Amino acid sequence: MNLIPRQTETVISPLTPAMISRRLDSLTASPSLRSNRFDKDKLFQGKVGNYSFVVSRKISHPNNFIPLVNGTVESTSKGSIIFIKYTLFRSSLLFLSFAIIIAVLIGIAFIFTGLPWLYSITAFAFGLANYLVTLLNFNRQVRITHESLLNTLNIDDEDIDDPSYF
């Protein structure tokens with residue numbers, strides 16, 4: 001288990017890398033600060049290169065736990081292999097780190113000032129709760145993004161190389 005919320009997977013596809021890039025590119029809107037209302041048929045936001053992509057699911061409301069999907073596609077004799085890495089956005093990771101550090105520092109300050117142990121335990125519990133909420137929501141959003149990505153590429157779950165993924 002990772003301390004930092006991230007997951008990786010390997011997907012085998014019968015499609016060529018060029019077909020995968022075209023399919024992803026047709027369903028990916030360019031990233032912008034404003035929501036792009038004209039691209040209602042787009043499922044993702046990001047950039048799709050020749051044999052790589054960096055995308056996230058397109059959403060209509062803010063969600064801090066949406067994973068950033070980094071992928072590379074390599075050609076094989078029977079199609080291609082897609083290496084995918086799901087990570088938190090840097091801003092979400094920074095917020096998580098900041099909240100945990102503040103909770104730990106407050107807990108330590110309560111210990112050194114001689115206040116009751118319950119105060120320190122409460123501060124540490126808030127830091128742990130923040131971490132667990134982030135981890136659980138991130139894993140949930142990874143599952144949703146994973147399904148969207150596989151549906152986009154018309155790949156079955158049997159084509160995933162890592163059976164311990166879920």
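Which residues does Gln-141 touch, not counting residues up to four places away in sequence?

**Figure 1. Overall arrangement of the predicted model.** The protein contains three helices and six strands, and their order along the sequence is β-α-β-β-β-β-β-α-α. Of its 166 residues, 34% are buried. Among contacts with a separation of 6 or more, 53% are between residues 24 or more positions apart. The protein exposes about 10700 Å², of which carbon and sulfur atoms supply 62%.

Figure 2. Gln-141 is located in helix α3, which spans residues 117-153. The residues touched by Gln-141, apart from those up to four places away in sequence, are Arg-57, Asn-63, Phe-65, Ile-66 and Pro-67. Gln-141 has a relative accessible area of 6%. Because buried means under 20% relative accessible area, Gln-141 is classed as buried.

**Figure 3. The largest nonpolar core.** This core holds 19 residues, and those touching the most other members are Phe-53, Ile-82, Ile-84 and Leu-149. At least two residues of the core are supplied by each of α1 (17-26), β4 (52-57), β5 (67-76), β6 and α3. The largest share, five residues, comes from α3. In soluble globular proteins, nonpolar side chains tend to be buried together.

**Figure 4. Contacts of Phe-53.** Apart from neighbours within four places in sequence, Phe-53 is in contact with residues including Leu-24, Val-69, Val-73, Ile-82 and Ile-84. Its contacts also include Lys-47, Val-48, Asn-70, Gly-71 and Thr-72.

**Figure 5. The buried face of helix α1.** Four residues of α1 are buried, namely Pro-17, Ile-20, Ser-21 and Leu-24. Viewed down the axis of α1, these buried residues fall within an arc of 100 degrees and therefore line one face of the helix. An α-helix has 3.6 residues a turn, so residues three or four places apart point the same way. Leu-24 is also among the residues in contact with Phe-53.

**Figure 6. Helix α2 and its packing.** Helix α2 comprises 23 residues (90-112), and the distance from its first C-alpha to its last is 33 Å, close to the 33 Å expected at 1.5 Å a residue. Its buried residues are Ser-92, Leu-96, Ala-99, Ala-103 and Gly-107. These buried residues pack against β6 (79-88) and α3. Gly-114 follows α2 and has a positive phi, near 80 degrees.

**Figure 7. Strand β6 and its pairing partners.** Strand β6 is mostly covered, with seven of its 10 residues buried. Strand β1 (residues 6-13) and β6 run antiparallel and are joined by eight bridges; within this strand pairing, Val-11 has Ile-82 of β6 as its bridge partner. Strands β5 and β6 also run antiparallel and are joined by 10 bridges. Pro-67 has Leu-88 of β6 as its bridge partner. Two residues lie between β5 and β6 in the hairpin that they form.

Figure 8. Thr-87 is found in strand β6 and counts as buried, with a relative accessibility of 15%. Leaving aside neighbours within four places in sequence, Thr-87 is in contact with Pro-5, Arg-6, Ile-66, Pro-67, Leu-68, Asn-70 and Phe-138. Ile-66 and Pro-67 are also among the residues touched by Gln-141.

Terms used:
Residues numbered from 1 in each chain as written. Predicted model: local features only at pLDDT ≥ 70, side-chain atom pairs only at ≥ 80, totals over all residues. Heavy atoms only, no water. Buried < 20%, exposed > 50% of the residue type's maximum accessible area, 1.4 Å probe, protein only. Contact = heavy atoms within 4.5 Å. Areas by Shrake-Rupley, 256 points an atom, 1.4 Å probe, with all protein chains shown as cover. Expected span 1.5 Å × (residues − 1). Core = buried A, V, L, I, M, F, W, Y, C linked by side-chain atoms within 4.5 Å. Arc of directions from axis to C-beta. Pairing = 2+ DSSP bridges.
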